[in-house]
Amino acid sequence: MRYTHSLPDMPSFDGKGFFGYTFGPLQQKDLDIYRIEVEKGHDTFMVSKRITRVYYVISGSGYFTIDNGRYDVDRGMLVEIPPNVEYSYSGKMTLIAVCKPRWFMGNDKHTKWNADAVQGDFPLAADRRPRRSFGESLVKIAELLTGRRSSINLYIRLNRRLWKRLPFKLRNTWPLRWYGTILHGVVCRRANRIQFTGTFFLRNRPQLELICRLASQKPEGSTLNLAVLGCSVGAEIYSILSAIRTARPDLNVQLRAVDNSAEVLKVAREAVYTRQTCDFVGSSIFERLTRTEFEEMFEGNRREARVRSWLRQGITWHLGDANDPELIHVVGPQDMVVASNFLCHMERSMAENCLRNIARIVKPGGYLFVTGVDLDIREKVARELRWRPIPELIKEIHDGDPSVRQDWPCEWWGLEPLDTKRSDWQMRYATAFRPNEGARPSMGKAAGVDFGDHNESVSLGRPA
Ligand SMILES: C[S@@+](CC[C@H](N)C(=O)[O-])C[C@H]1O[C@@H](n2cnc3c(N)ncnc32)[C@H](O)[C@@H]1O
């Protein structure tokens with residue numbers, strides 16, 4: 001149990017005239033606590049839908065405008081803002097804000113600019129609250145009309161059968177992609193997400209290639225600290241070690257392997273794989289290996305194979321939860337953190353918290369690789385925490401793991417076809433990021449990277 005929280009190194013949200021830090025993750029899941037540095041004021045007036053906000057002025061002075069009334073504040077004063085009241089604040093001050101329940105996209109309606117912070121009469125950016133997707137709306141309507149959830153399940157089952165029979169060319173046409181997006185929304189809404197342990201050796205080759213390219217930036221003979229979270233029976237670990245140690249034999253790779261299942265960790269540590277292992281994890285783990293690759297990595301044959309000793313060195317095993325705020329203390333700061341194919345199996349709010357927690361263990365200048373997560377969650381966290389996406393190999397990595405691409409749109413873990421026509425496509429589909437190189441306070445453009453923030457005036461997707 002964690003009892004104390006330091007101020008994070010990086011701000012987690014900002015606007016014109018203010019920026020703020022989010023403490024936590026807290027044990028209390030219905031609470032957010034921020035420290036806000038107000039330089040001029042909050043850039044907009046807003047109306048909170050559900051969240052009650054309490055602000056405490058720890059230094060400086062200014063004023064709150066609440067329901068058209070002006071309230072001067074200075075050090076030591078407390079301001080309570082209930083939902084459904086229009087307000088903003090101005091001045092030069094440091095605030096502690098307590099929000100209950102936690103901030104969520106869609107809570108705030110931004111009504112107008114705050115002239116103390118923003119000059120000009122340009123229009124407010126569109127509210128970025130996530131609307132219920134068309135698919136989700138359909139489910140809601142169908143449930144209301146039929147009063148029966150079973151009819152939705154039948155619809156999904158039918159689609160599962162039909163979709164797989166469609167020729168690939170047809171599936172790739174825009175009407176079917178559009179339909180697939182709706183169907184995937186329905187599937188996700190109905191899904192009762194549970195964890196899987198399925199994995200493969202050399203699961204996503206372009207991802208391994210990118211890991212190697214980025215590892216190559218390390219100086220000759222140096223140490224590379226790398227953590228693999230949700231490592232299952234170890235296929236991903238030995239694949240990464242094989243790729244890096246082949247490309248850069250001079251590097252001293254120290255790998256922290258984390259999973260919250262003692263059973264899979266035992267298999268991973270023993271590094272002996274049999275037919276029973278495949279049955280246990282429900283996947284044919286060797287199927288993506290060529291014969292040569294198999295022989296380089298294993299002693300034995302595909303019925304019983306032991307990972308060679310050059311791949312078994314430098315690994316520390318941890319039975320642990322990627323969601324645990326103590327994770328940073330358990331594994332320590334890392335040059336690279338890999339979190340593949342387990343966040344999508346969590347309930348969405350837990351996945352979001354977990355992703356924020358994972359990012360904390362990446363060293364400044366380090367890299368985070370995240371695949372197998374709802375794309376909107378990754379994009380939201382990446383934007384809010386101002387991660388810099390790595391543009392290299394985005395398309396290749398996206399299509400690099402056939403098992404998730406082919407399961408779209410009928411399974412919740414299925415990965416939609418990459419759509420480069422989207423203005424935010426790099427941010428949506430990137431799987432590698434530099435979390436500690438955020439673009440704050442730049443407005444979304446980093447060298448060679450299109451953040452998709454085309455409205456450069458202000459980001460409304462932040463909490464207080
Ligand atoms: C589908 S497997 C993915 C294995 C591997 N990362 C890959 O991509 O092939 C998911 C693994 O994540 C583990 N896992 C799920 N939730 C976790 C959590 N909160 N912390 C650590 N491991 C977790 C599961 O036990 C399982 O072994």
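How many residues surround the ligand, and which are the closest? The ligand is surrounded by 23 residues, the closest being Thr199, Gly230, Ser232, Ser340 and Phe342; a residue is near a molecule if its C-beta atom, placed from the backbone, lies within 6 Å of it. The structure is a predicted model, in which local features need pLDDT of at least 70, side-chain atom pairs count only at pLDDT 80 or more, and totals for chains, interfaces and linings use all residues. Residues are numbered from 1 along each chain as its sequence is written.

**Ligand shell**
- The shell around the ligand comprises 8 nonpolar, 11 polar and 4 charged residues, where Ala, Val, Leu, Ile, Met, Phe, Trp, Tyr, Cys and Pro count as nonpolar, Asp, Glu, Lys and Arg as charged, and the others, Gly among them, as polar.
- At least two residues of this shell come from each of α6 (235–247) and β11 (252–259); helices (H or I, at least four residues) and strands (E, at least two) are DSSP runs, numbered from the N terminus.

**Open sheet β12-β14-β13**
- An open sheet is formed by 3 strands in the order β12-β14-β13, with antiparallel pairing; two strands pair if DSSP finds at least two bridges between them.
- β12 (272–274) and β13 (298–301) are the edge strands, each pairing on one side only.
- β12 pairs with β14 (residues 304–307) in the antiparallel sense over 3 bridges, and Tyr273 stands opposite Ala305 in β14.

**Strand β4**
- Strand β4 (residues 44–48) is largely enclosed by the rest of the structure, because 4 of its 5 residues are buried (20 or more other C-beta atoms within 10 Å of the residue's own, with C-beta atoms placed from the backbone).
- β4 pairs with β9 (residues 108–113) in the antiparallel sense over 5 bridges, with Thr44 opposite Trp113 in β9.
- β4 also pairs with β8 (residues 86–100) in the antiparallel sense, over 2 bridges; Glu86 in β8 is the bridge partner of Val47.

- Helix α4 (residues 174–190) has 17 residues and reaches 24 Å from its first C-alpha to its last, close to the expected 24 Å; the expected span is 1.5 Å times one less than the number of residues.
- Buried residues of α4 include Gly180, Leu183 and His184.
- The 12 residues of α12 (residues 348–359) should span 16 Å, which agrees with the 17 Å between its end C-alpha atoms.
- Among the buried residues of α12 are Ala351, Glu352, Asn353 and Cys354.
- The cover over the buried residues of α12 includes β10 (223–229), β16 (334–340) and α13 (375–384), contact requiring C-beta atoms, placed from the backbone, within 7 Å.

Key:
A residue is buried if 20 or more other C-beta atoms lie within 10 Å of its own, exposed if 12 or fewer, and partly exposed in between; C-beta atoms are placed from the backbone. Two residues are in contact if their C-beta atoms, placed from the backbone, lie within 7 Å.
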